[in-house]
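Visitor: Please show me how to read some features of a model, one at a time.

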Amino acid sequence: MRIAVLDDYQDVFRTLKCAAKLKGHDVVTYRDSVKEPAKLAERLNGAQAVILLQQRTPFPRAAAEKVTTLKLIAQTGRNVNHIDTAACSEKGILVCGAGAGLPNHTAELTWGLIFASLRHIPEEVQRFKSGQWQTTIGTAVAGRTLGIYAYGRIGSIVANVGRAFGMKVICWGREGSTAKARADGFEVAASREAFFESADIVSLHIPLNKETRGIVKHADLARMKPTALIVNTSRAPIVEEGALVKALKEGRPGFGAVDVFESEPVLNGDHPLLKMDNVVCTPHLGYVERDTYEKYYGAAIDSIVAFAEGKPINVLNPEVLEKQ
């Protein structure tokens, strides 16, 4: 079976232990990203299966209607909001999704971004290389207030690290999230307004769906202190379109640390946040870690192997099987 692996930016797929399970199959990997449906379909024609990592490549109806040989989409994770599963079902394309990443890795990057911003690490490294010595004054986290928006798998780790550093931690989110925070001994803000107004650092850990798209408004950000930092290692669209750039230019909050963008990959520095001195940006590195890749890709490969053996698993559109 011919299997296409899309968006393998680092050419890492072939080096993973789990890739050995596909021995005997014809595996082709692509390091660049193709989003236009016709070009995506052209790339996939000839392949019977495709592996999609996270939401790097959308698979809309326009692509489903143009592919001619594809029988299986093996998605890493069960989030398929970027796949038109109804169109796939009509075309007889099975969609399988399984696997979960480790929350620690995104939590670790969150703290990396916090310290990179507050201690001006990227600037100091570059200036030191150019011959300068100590050009900035950093800010410590001890005694300051960390705001966690959405106390889930990742947010809870970030919160506990903040507590270990001697920070006051306050939380905000839905009732289930805040109930968990209270149970773990964390304070819940008196109101949404108080949450944004009082935090020295706000870290967003909100999953993206129809309800949460644009949930953080410009008005929320404008309440933050001029000395405050907003951190987003979740998804860019949870922030109202254009609100983050506008707020950072206005100086409330004064600083940003961002790992996620509306359209990825961002190439040639083509994003307004990359041009701002008060923002630290990384290219969506939160889950980009070898152990996580083994888990994500491993689950997708298991789906492919099972499909090849005529015993599909992790099926998200079982109506395709019912028609066979």
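Visitor: Where does F165 stand in terms of relative accessible area?
Guide: Buried means under 20% relative accessible area, exposed over 50%, and partly exposed in between, with a 1.4 Å probe and protein chains only. F165 is partly exposed, at 38%. F115 is partly exposed too, with a relative accessible area of 26%. The model is predicted, so local features need pLDDT of at least 70 and side-chain atom pairs count only at pLDDT 80 or more, while totals for chains, interfaces and linings use all residues. Residues are numbered from 1 along each chain as its sequence is written, and side-chain values use heavy atoms, with hydrogens and water left out.

Visitor: How many aromatic pairs are there?
Guide: A pair of aromatic rings is described by the distance of the centres and the angle of the planes. Rings of Phe, Tyr and Trp (its six-membered ring) pair if their centres lie within 6.5 Å; planes under 30 degrees apart are stacked, over 60 edge-to-face, and the rest tilted. By this rule the model has 12 aromatic pairs. One of them joins F115 and F165 edge-to-face, with 5.4 Å centre to centre and 85° between the planes.

Visitor: Which parts does the pair of F115 and F165 tie together?
Guide: Helices (H or I, at least four residues) and strands (E, at least two) are DSSP runs, numbered from the N terminus. F115 lies in helix α4 (residues 103-118) and F165 in the loop between α6 (153-164) and β7 (168-172), so the pair links parts 50 residues apart in sequence. Y287 and Y296 also form an edge-to-face pair, 6.4 Å centre to centre with 85° between the planes.

Visitor: Is Y287 buried or exposed?
Guide: Y287 is buried, with a relative accessible area of 9%. Y296 counts as buried as well, at 9%. Ring pairs link both into a cluster with F13, Y293 and Y297.

Visitor: Which residues of helix α10 are buried?
Guide: In α10 (residues 243-250), these are A243, L244, V245, A247 and L248. For their cover, contact means heavy atoms within 4.5 Å. The elements covering them include α9 (218-222), β10 (229-232), β11 (255-258) and β12 (279-281). After α10 comes G251, whose phi is positive, near 90°.

Visitor: Which residues line the largest cavity?
Guide: The lining consists of L6, D7, D32, S33, V34, L40, R43 and T57. Ala, Val, Leu, Ile, Met, Phe, Trp, Tyr, Cys and Pro count as nonpolar, Asp, Glu, Lys and Arg as charged, and the others, Gly among them, as polar. The lining thus divides into 3 nonpolar, 2 polar and 3 charged residues. A cavity is a set of points on a 1 Å grid over the protein atoms alone where a 1.4 Å probe fits but cannot get out, and lining residues have an atom within 4 Å of a point.

How values were computed. 1 Å grid on protein atoms, 1.4 Å probe; cavity = no way out; pocket = protein on both sides within 12 Å on 5 of 7 lines; lining within 4 Å.
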